[in-house]
Amino acid sequence: MTRLSLVADRHPLASTDEQKRRLRTLPLVKSFDDAIGGTAFGPRLRATGVEVFQINVGRKCNQACHHCHVDAGPDRTEMMPDDVVDATLRVLEGSSIPTFDITGGAPELHERFEEMVERGARAGKQVMDRCNLTILRTQRYAHLPAFFAKHRVEVVSSLPYYDESGTDAQRGDGVFEKSIEAMRALNAVGYGVEGSGLVFTLVANPVGAFLPAPQKSMEADFKRQLKRKHGVEFTRLITITNMPISRYLEWLDRSGNTEPYMNRLVSAFNPATVAAVMCRNTISVGMDGRLFDCDFNQMLDLGVHAAAPQTIFDWDQRLLDQREIVVENHCYGCTAGQGSSCGGATA
Ligand code: SF4
Ligand code: SF4
């Protein structure tokens, strides 16, 4: 089943202002601002530097997952234009930031994707591709596993569950089967195979309005089941809490789960997660070159603090390294339970 994006559907939650209004007006016991204020990091959360340079190259995707926080899909066409790609790569190449994280949409659909990978790798960066797996089963992109291996790209891929029903319910009919085929193609070039040094990370997020199970036990379950039933391997599994924004927020609303889910996150707030929230060592570059604290803030159109440079065209790492982070109530998604980030659990 092909779904439409919120934008194509002309849904009110396609508007970031409407999403922010919804989250700001929920009757929560405590706002996230107040929760941070009660920790050792309060009253204001600050960055510790920039170690991860993440770029979101566009909204186009061959999938249209129910929970997508980007509202990506086949009907979206917006992609990062050349002048922003050029400026972004120039900044990356001139910096000592060790990690270059490419996301989307399906980032591989950007016509300069391979150039981005090549230039990142040539500059000595650890390149990460947030790959939805199914794109690797299309004829045009079937060469990518070998390309990734050549540049020692870390492949990071969502797989909400190790069976067909759990995965297809969230990501679309037939996605599980194609994902397994793509995993085989990655394994065939060494990804996930012990001793190869090629890192293949799976990302699991709950199919429902609850927090992820403990990351270690999920990793063990996934490894056992995927190997036994499908003969495929991966390096590690990380869990991510579903962020109450965009299409997941729309689903929460539609299923009457918004308040219960938010209250679940609020009551699971874990101060021990705050030190390692990803915004503290990440910068996120938008399609139009604007700078954000993370991909979630980017999707809510919450730019970096006014005292920091606002776009890639006026990059100043010294100011970005020590910027104040812009937080709102969705940030409970990163700090509930075992914590959640692009690198998985944080506590
Ligand atoms: S979650 Fe990922 S694969 Fe699914 S629609 Fe969004 S960008 Fe595409
Ligand atoms: S949503 Fe972004 S800004 Fe908020 S805590 Fe998470 S990483 Fe930081």
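**Reading the fold and its backbone exceptions**

Buried residues make up 47% of the 347 residues in the protein chain of this predicted model.

Reader: How many helices and strands does the protein chain have?

Author: The protein chain contains 14 helices and eight strands. Its C-alpha trace spans about 50 × 45 × 40 Å along the principal axes. A compact globule of 347 residues would have a radius of gyration near 20 Å, and the 19 Å of this chain agrees with that.

Reader: Which residues have the most contacts inside the largest nonpolar core?

Author: In soluble globular proteins, nonpolar side chains tend to be buried together. Here the largest nonpolar core has 93 residues, and those with the most contacts inside it are Ile102, Val155, Met183, Ile245, Val327 and Tyr332. Helix H8 (residues 175–188) gives the largest share of this core, six residues. Beyond its neighbours within four places in sequence, Val155 is in contact with residues including Asp129, Leu186 and Phe200.

Reader: Where does Pro43 lie, and what is the peptide bond from Gly42 to Pro43, cis or trans?

Author: Most residues other than glycine have a negative phi, and most peptide bonds are trans. The bond from Gly42 to Pro43 is cis, with omega near -5°. Pro43 is placed in the loop between helix H3 (32–37) and strand S1 (52–56).

Reader: Is Ser246, which has a positive phi, buried or exposed?

Author: Ser246 has a phi of about 50° although it is not a glycine, and it lies in helix H10 (residues 246–254). Ser246 counts as buried because 24 C-beta neighbours lie inside 10 Å, the cut-off being 20 or more.

Terms used. Residues are numbered from 1 along each chain as its sequence is written. Chains are lettered from A and ligands numbered from 1 in the order in which they are written. This is a predicted model: local features need pLDDT of at least 70, side-chain atom pairs count only at pLDDT 80 or more; totals for chains, interfaces and linings use all residues. A nonpolar core is a set of buried Ala, Val, Leu, Ile, Met, Phe, Trp, Tyr and Cys residues joined through C-beta atoms within 7 Å. A residue is buried if 20 or more other C-beta atoms lie within 10 Å of its own, exposed if 12 or fewer, and partly exposed in between; C-beta atoms are placed from the backbone. Helices (H or I, at least four residues) and strands (E, at least two) are DSSP runs, numbered from the N terminus. Two residues are in contact if their C-beta atoms, placed from the backbone, lie within 7 Å. The radius of gyration is taken over C-alpha atoms; the globule rule is 2.2 Å times the number of residues to the power 0.38.
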